[in-house]
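Please read the following paragraphs with the sequence and the model side by side.

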Amino acid sequence: MRTKLVAGNWKMNFTRVEAAAAVEGLVKAVDYRPSVEVLICPPYLALQTVAAAASGRAIAVGAQDVFWATSGAFTGKVSASMLSDLGINYCIVGHSETRGRFGKLETPASTVPYFAETDETVNLKIKSLIYCSLTPILCVGEIESERVAGKTDTVIEGQLRGALSGLVPEELASLVVAYEPVWAIGTGKSCDAPEAGRVCRQIRGHLADILGSEVAEDVRILYGGSVKSSNSDEIFKTDGIDGGLVGGASLDPQEFARIVLSA
Ligand code: PGA
């Protein structure tokens with residue numbers, strides 16, 4: 001039985017004071033529910049503050065990205081061992097925004113290579129997280145033109161195979177995958193629940209092929225992209241969806257609490 005997971009991705013928002021206040025607000029608005037795991041992924045600079053505020057309160061803390069090397073001359077980067085040192089349990093990898101693909105902000109295609117995220121770097125990041133016993137939240141999803149061209153399933157299968165290549169299935173039982181159609185991120189246009197469920201079930205099928213069905217059964221598959229309290233009920237009751245990765249709506253503790261409660 002997979003426990004539902006509702007994760008808030010705060011992206012580049014909140015100072016430390018604002019972050020601590022948001023955790024307080026969330027704790028007040030939502031009691032501990034053993035049936036739902038709640039996770040917050042603040043910016044690096046607020047990780048320690050959020051970890052302290054969340055301590056003893058059944059809220060897990062995750063990072064939004066990681067670099068794969070353990071240490072060395074990598075200016076501006078943060079390693080999995082540094083996250084582990086802070087007591088962080090989860091880390092998002094391969095988010096469309098670290099891949100340079102923004103749902104709302106039109107980024108010129110020529111800038112995408114500067115984000116330097118490929119399936120290969122996502123794979124290295126997952127390996128470094130597993131090595132440090134952190135749980136990766138692997139994001140996959142198509143851009144609008146890929147969906148229109150009927151390439152959604154092929155794109156996602158390629159992202160999964162690239163990200164998980166060379167990994168030992170037994171190490172991935174705690175893996176979380178988030179289906180995040182890029183065109184639905186931050187745009188207010190969420191993917192309708194039946195289609196999101198179809199893609200999530202398809203993802204589990206690919207995971208069964210790559211990792212074996214036993215491990216694939218344990219992987220939690222989330223939906224992300226304009227999740228809010230007005231659509232979370234329908235999304236979370238859809239077969240194949242084990243929770244949500246919530247961006248904008250996780251910044252308001254009351255709204256995020258409503259989403260948690262609907263799970
Ligand atoms: P959104 O972002 O909820 O603001 O669409 C989701 C995400 O990027 O994880």
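The structure holds two cavities of 30 Å³ or more. It is a predicted model, in which local features need pLDDT of at least 70 and side-chain atom pairs count only at pLDDT 80 or more, while totals for chains, interfaces and linings use all residues. Residues are numbered from 1 along each chain as its sequence is written, and side-chain values use heavy atoms, with hydrogens and water left out.

How is empty space found? Rolling a probe the size of a water molecule over the atoms shows where empty space is left. On a 1 Å grid over the protein atoms alone, a cavity is a set of points where a 1.4 Å probe fits but cannot get out; a pocket is an open set with protein on both sides within 12 Å along at least five of seven lines; lining residues have an atom within 4 Å of a point. Grid points are joined across faces, edges and corners, and a volume is the space filled by probe spheres set on the points.

The largest cavity has about 50 Å³ of space. Its lining consists of Gly94, Ser96, Arg99, Arg101, Cys139, Val140, Gly141, Gln159, Glu180 and Val182. By class, this lining has three nonpolar, four polar and three charged residues (Ala, Val, Leu, Ile, Met, Phe, Trp, Tyr, Cys and Pro count as nonpolar, Asp, Glu, Lys and Arg as charged, and the others, Gly among them, as polar).

The second largest cavity has about 30 Å³ of space, and its lining is made of Trp10, Ala22, Leu26, Ile40, Ser250, Pro253 and Phe256. Helix 1 (16-29) and helix 11 (253-262) are the elements that give two or more residues to this lining (helices, H or I with at least four residues, and strands, E with at least two, are DSSP runs numbered from the N terminus). Six of the lining residues are nonpolar, one is polar and none is charged.

The largest pocket holds about 700 Å³ of space. It is lined by 24 residues, and Tyr44, Gln64, Asp65, Glu97 and Thr98 are the closest to its centre. Helix 4 (112-115) and helix 5 (119-131) each give two or more residues to the lining. The lining divides into twelve nonpolar, six polar and six charged residues.

Which residues are closest to the ligand? Of the 13 that surround it, these are Lys11, His95, Glu180, Gly186 and Ser226 (a residue is near a molecule if one of its heavy atoms lies within 4 Å of it). The shell has four nonpolar, seven polar and two charged residues. An N or O atom in the side chain of Lys11 is 2.7 Å from an oxygen atom of the ligand. Gly247 has a backbone N or O atom 2.8 Å from a ligand oxygen, and for a backbone N or O atom of Gly248 the distance to a ligand oxygen is 2.8 Å. The protein buries 95% of the 280 Å² that the ligand exposes when taken alone (areas come from the Shrake-Rupley method with a 1.4 Å probe).

Two single residues remain. Asn231 sits in helix 10 (residues 229-236). Is Asn231 buried or exposed? Asn231 counts as buried because its relative accessible area is 14% (buried means under 20% relative accessible area, exposed over 50%, partly exposed in between, with a 1.4 Å probe and protein chains only). A polar atom of its side chain lies 2.9 Å from the backbone oxygen of Ser226. Val140 belongs to strand 5 (residues 135-140) and is buried, at 2% relative accessibility.

Key. A polar contact is a pair of N or O atoms within 3.5 Å; within protein, one must be able to donate a hydrogen and the other to accept it, and residues adjacent in sequence count only if both atoms are side-chain atoms.
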